[in-house]
Amino acid sequence: MSAAAEKVVEKVRDAVHGGNEIPGAPGTQAPPVDEPTDAREPLPPKPDQRGPETYSPTGQETGIPQEKVAQGGERLTTAQGARLYDTDHSLKAGPRGPVLIQDHHLREKITHFDHERIPERVVHARGAAAHGVFRGYGAAAGITKAAFLAEGVETPVFVRFSTVLGSRGSADTVRDTRGVATKFYTGEGVFDLVGNNIPVFFIQDALKFPDVIHAGKPHPDREIPQAQSAHDTFWDFVTLHTEATHHTLWNMSDRGIPRSYRMMEGFGVHTFRLVNAEGATTLVKFHWKPKLGVHSLVWEEAQITAGVDPDFHRRDLADAIEAGAFPQWELGVQTFPDTEEQMFEGIDLLDPTKIVPEELAPVRPIGLMTLNANPSNYFAETEQVAFHVGHLVPGIDVTDDPLLQGRLFSYLDTQISRLGGPNFGQLPINRTHAPVNDMLRDGMHQTAVHTGVAPYHPNSLDGGCPFLAGEETGAYIEVPVEVPAARKVRDAAASFDDHFSQPRLFWLSMSPTEREHIVAAYTFELGKCWETAIKERALKVLANIDPDLCAHVAAGLGLPAPEASLVPAVVEPSPALSQLGGDWPVEGRTIGIVTSGADDLDGVREVRRAVLDAGMVPLVIAPAGGVLDQDGDPVTVQRTFTTARSTEFDAILVAGAPAPAEEAYGARDAKADDDMAVVTAIDPRPLLMVTEAYRHGKAIGAWGEGVGALEAAGLPEGPAGVVFGTTASAVLQAVTRLLGGHRVWGRFTPAL
Ligand code: HDD
């Protein structure tokens, strides 16, 4: 290196590391000028280094924690604290006169209201969140120095779950990918793990992200369909960019319609690089494994729920937490040696459209997350939380995955328009729990009152503070990986061209029932496309995954099945990808108990108690609301035949169901009455409930009068998962056993 070049390198090194402050860093030299090295006197902490303030910036103690200032006192005031005597009438010239412009309260109230909305997220707009705690097992201590992963360390977390395509007000149960974004408030700074419930992504390069999202969002002319991928532009994109085939196949599988946020896996998707205290590195993929297992809705259930309860997942999460059924996930890692080529068993670790099957690299649990508190305010917390894949802590670093690299730019950028400026990190939900001592100043919505005169480094005026940290003092130091010499190109590695071997692996790993669901999903979504050319192109893509899949979808679309254009890859199925099989905890499951109100109330009480004792949620369904009270021991009714729909329940127990009430249907002519009597002996609403539940593979049980009701519904004992018993508790026991498998899978007879 020439002397001039050496000088430049030295200057850069000094600027980055602040002279010799990284002990042992090669070639570090004393700074060229006489910089202060010790604080003359400790500076007081700046206001943005603490949690929400309890005093006003003038130093006046208010005694009220800042976050509680809104509605914290007894009297209504203006934003400036002046007490108000009326908030319903504008100030007018007489009771019937014109409104006076001097009415500050009117202007302040309306102006604030006019600005209550902020732009929704450009993707993942619809979400629900919860607070919780993460406890490290210490199992990752050998591969990362991240302090929050050490044994027994507890770290507060905030998790936001979301759908990708829909607007803020869209339905929860649409077919879509789900976001799983976790903010760890560690002692070393915030770590955000911003993942999805699907371990691969649509595209391999962030440059295509606006394109895939434009294709998935509603059509720009009519702005329809909302929160759907079943339309031309989506299928046009994913069939022209066949790298999307793998992710799309997961979307069309049951993973696209989760039963609950509590029953989803989460994936960091990209490969990350961990570094331990000795500087040794390991490549990893992060996984969240739900304690309740991974479960899904069936498609008809998802569609009905989108209409009858669009907030289904949001409600489910909040209700479970409020009831004390705290959802839990284990964080796990798949580990791979950090080799130069960054491949594992022939799989490119930098390609975000590829998984590494768990059979090849097992997921090792490294900690447990428990969500135990609902947000107090949706806007302040769930809406304003700002995640960023670049929020990292020492011990965790990124890789050169081109999708991840683009994300590192996007997440910071988007918050500036969404949250109105660069100070979103000061919002209570985004504040780190580590001390902050930055040199960022001013900007929109600055809430810190910085002291000191020298927000630059080095300085000699603010006692030299802030000083830089080094390795020993907890600095975040990027792993100094070698970047091989290369030409600048707009290109990708040849391994990125393999778009079909892993979709085939996924398809072959599915059980027959899951395959049938996939066929039905493709047939539905492509059936919603207008352009035949898009359907035909989609069939060509499916033929390259599997001819059987292609043939079944083609039959459903009424189109000829094309031949595959590629030789099918020889792949080993991964049983870990199937959701079927297994026996899971039933905590938090919802059991509907149907009663006519006149039948075995003792049994209803008994079964209600037993459901609660098993950690599940009993909901009593009766013809009308209120309290059932035949003998002084009341039973509260949570749902009526009008408000209940089968989709809300994981299983249904029937104590009895009455004949239809005359008044429920209004006046009918005699002929209609006769017809009704012939069709059914019981009220058609519980009848619909049990037949629908049956179709959706749910366990159904009955005792006493309920047996007759089920028989009237055409569900005599015998078909899989229909249980009759003499006592309520015996029936519940049998139904609970079935619930452990999520659904009565034997009821489905797949043709595949
Ligand atoms: Fe993204 C939000 C997950 C690729 C750009 N993304 C967002 C959220 C999740 C993900 C869960 C919601 C966070 C929240 O709840 O606030 N995104 C992913 C995953 C990806 C991914 C798992 C691929 C592996 N994203 C991706 C790319 C880009 C973005 C390639 C851009 C180049 N994502 C954004 C964004 C969002 C976002 C525009 C919208 C709101 C936000 O960031 O805060 O910046």
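Modeller: What follows takes the labels one at a time and sets each value against its cut-off.

Biologist: What kind of model is this, and how are its residues numbered?

Modeller: This is a predicted model, in which local features need pLDDT of at least 70 and side-chain atom pairs count only at pLDDT 80 or more, while totals for chains, interfaces and linings use all residues. Residues are numbered from 1 along each chain as its sequence is written, and side-chain values use heavy atoms, with hydrogens and water left out.

Biologist: How many helices and strands are there in the protein chain, and what counts as one?

Modeller: The protein chain has 19 helices and 20 strands, where a helix is a DSSP run of H or I with at least four residues and a strand is a run of E with at least two, numbered from the N terminus. Of its 752 residues, 47% count as buried, and among contacts between residues at least 6 apart in sequence, 71% join residues at least 24 apart.

Biologist: Which residues does the "domain: Catalase core" annotation cover?

Modeller: The UniProt annotation, from an unreviewed entry, covers residues 77-465; its positions are in the numbering used here, feature names are shortened, and annotations may be inferred rather than shown by experiment. In the model, that span is 21% helix and 20% strand, and its end C-alpha atoms lie 41 Å apart.

Biologist: Why is Arg-407 called buried, and why does Phe-209 count as partly exposed?

Modeller: Buried means under 20% relative accessible area, exposed means over 50%, and partly exposed is in between (1.4 Å probe, protein chains only). Arg-407 has a relative accessible area of 14% and is therefore buried, whereas Phe-209 has 27% relative accessibility and so counts as partly exposed. Arg-407 is in helix α9 and, not counting residues up to four places away in sequence, touches Val-194, Ala-206, His-270, His-388 and Val-389; contact here means heavy atoms within 4.5 Å. Phe-209 lies in helix α3, residues 209-216, and with neighbours within four places set aside, Phe-209 is in contact with Val-123, Phe-201 and Ile-203.

Biologist: How do you know that the two "active site" residues, His-124 and Asn-196, gather at one spot?

Modeller: The feature "active site" is placed at His-124 and Asn-196 by the unreviewed UniProt entry. They span 73 residues in sequence, yet no two of their C-alpha atoms are more than 10.5 Å apart, so they gather at one spot. His-124 is in the loop between α2 (104-114) and β1 (127-136), and its contacts beyond four places in sequence include Arg-160 and Asn-196. Asn-196 is in strand β4, residues 189-196, and at 8% relative accessibility Asn-196 counts as buried.

Biologist: What makes α10 oblique to α11, and what makes α5 roughly perpendicular to α11?

Modeller: Helix α10 (residues 501-509) and helix α11 (residues 512-527) pack at about 125°, with their axes 8 Å apart, and that angle makes α10 oblique to α11. Angles under 35 degrees count as roughly parallel, over 145 as roughly antiparallel, 65 to 115 as roughly perpendicular, and the rest as oblique. The axes of α5 (residues 245-252) and α11 come within 8 Å and cross at roughly 105°, which makes α5 roughly perpendicular to α11. Axes are lines fitted to C-alpha atoms, for helices over the stretch in contact, and angles run from 0 to 180 degrees between N-to-C directions.

Biologist: Which residues of α5 and α11 meet?

Modeller: Thr-248, Leu-249 and Met-252 in α5 meet His-517, Ile-518, Ala-521, Tyr-522 and Glu-525 in α11. Facing α10, the α11 residues Arg-515, Ile-518 and Val-519 meet Phe-506, Trp-507 and Leu-508.
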